[in-house]
Amino acid sequence: MHHFFADPSHIGEKEITLTGADVNHIRNVLRMRPGEEVLISDGRGTDYRCKLEEMAETCITARICWVLEGNAELPSRITLYQGLPKGDKMEFIIQKCVELGVSRIVPMYTKRTVVKLDAKKEENRARRWKGICESAAKQSGRGIVPEVLSPQTFAQAVKDAGQQDICLIPYELAKDMKHTRELFSSIKPGQSVGIFIGPEGGFEESEVEQAVSAGARPVTLGRRILRTETAGMAVLSMLVYLLEE
């Protein structure tokens, strides 16, 4: 069943109105017809199974058949603090981490970040990242579209992470795997979790010290060196295994 998101203001007691790019996608790409069923989410965790009714050029009306409480979200809110990587790696990271259940992504500039975005590029990237987020949320059956913030400085990210119940920072000099297992196992459903991932080349030691001083907990991801686009997914996969009920 095809999955779409609607602004909560467009959701009534019996009908939902779809506008924007979804109209063209439904009419001209999917070539759907009145009477066909779709799944529509409000972006807040509630799903609606609907039947398409009126299909105008600028909007589509769908009749609500059933209201479903979404069950695709993790029991903990997870924020990824991701050092900006080169090229289009950030797009890949966003797509896969949204599929794995991340709640929020905070791109950040670190001392080893090569990418520098001016205001116009930031705006264009933000629009692109939002689209990837929504597409990945649809594909994975999620009821919310995770938030991707504008790029932050490392200091801003560390300050933001202070709001999390627990914050993890993978680091090659962290204690052995036994300590990491114990730390991961101590995380309980309902706790908010922050994950710090450096760009290519990782964090500088002073940045790790800054994060640890603010409460971040160093962890190891094993004896192998993971790429920046792999590390965040590795941590998220561990959390999914431990937290999902």
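1. Thr 180 is found in helix 5, which spans residues 177-185. Helices here are DSSP runs of H or I with at least four residues, strands are runs of E with at least two, and both are numbered from the N terminus. The model is a predicted one, in which local features need pLDDT of at least 70 and side-chain atom pairs count only at pLDDT 80 or more, while totals for chains, interfaces and linings use all residues. Residues are numbered from 1 along each chain as its sequence is written, and side-chain values use heavy atoms, with hydrogens and water left out.

2. With a relative accessible area of 2%, Thr 180 is buried (buried means under 20% relative accessible area, exposed over 50%, and partly exposed in between, with a 1.4 Å probe and protein chains only). A polar atom of the Thr 180 side chain lies 3.0 Å from the backbone nitrogen of Thr 220. Leaving aside residues up to four places away in sequence, Thr 180 touches Lys 175, Val 219 and Thr 220 (contact means heavy atoms within 4.5 Å).

3. The largest nonpolar core has 37 residues, of which Leu 168, Ile 195 and Leu 239 touch the most other members. Such a core is a set of buried Ala, Val, Leu, Ile, Met, Phe, Trp, Tyr and Cys residues joined through side-chain atoms within 4.5 Å. Elements that each supply at least two residues of this core include strand 6 (78-83), strand 7 (104-109), strand 10 (166-170), strand 11 (193-197) and helix 5. Helix 7 gives the largest share of the core, seven residues.

4. Leu 168 has contacts beyond four places in sequence with, among them, Leu 183, Phe 184, Ile 195, Val 219 and Val 235. Val 219 is also one of the residues touched by Thr 180.

5. The whole structure contains 11 salt bridges, each being a side-chain nitrogen of Lys or Arg within 4 Å of a carboxyl oxygen of Asp or Glu. The side chains of Asp 22 and Lys 138 form one, at 3.3 Å from N to O. This pair links distant parts of the chain, as Asp 22 is in helix 1 (residues 21-29) and Lys 138 is in helix 3, 116 residues apart. Asp 22 is buried, with a relative accessible area of 12%, whereas Lys 138 is partly exposed at 21%. Asp 22, Glu 134 and Lys 138 are linked in a network of salt bridges.

6. Two further salt bridges lie within helices. In helix 2, Glu 99 and Lys 96 are three residues apart, about one turn of the helix, and their closest N and O atoms are 3.6 Å apart. Glu 99 is partly exposed at 32%, and Lys 96 is partly exposed at 24%. In helix 3, Glu 123 and Arg 127 are four residues apart, about one turn of the helix, with their closest N and O atoms 3.3 Å apart. Glu 123 is partly exposed at 48%, while Arg 127 counts as exposed at 51%.

7. The largest pocket has a volume of about 690 Å³. A pocket is an open set of points on a 1 Å grid over the protein atoms alone where a 1.4 Å probe fits, with protein on both sides within 12 Å along at least five of seven lines; lining residues have an atom within 4 Å of a point. Among the 28 lining residues, the closest to the centre of this pocket are Phe 5, Lys 130, Glu 134, Lys 138 and Val 145. Helix 3 supplies the largest share of the lining, four residues.

Definitions and conventions:
A polar contact is a pair of N or O atoms within 3.5 Å; within protein, one must be able to donate a hydrogen and the other to accept it, and residues adjacent in sequence count only if both atoms are side-chain atoms. Grid points are joined across faces, edges and corners, and a volume is the space filled by probe spheres set on the points.
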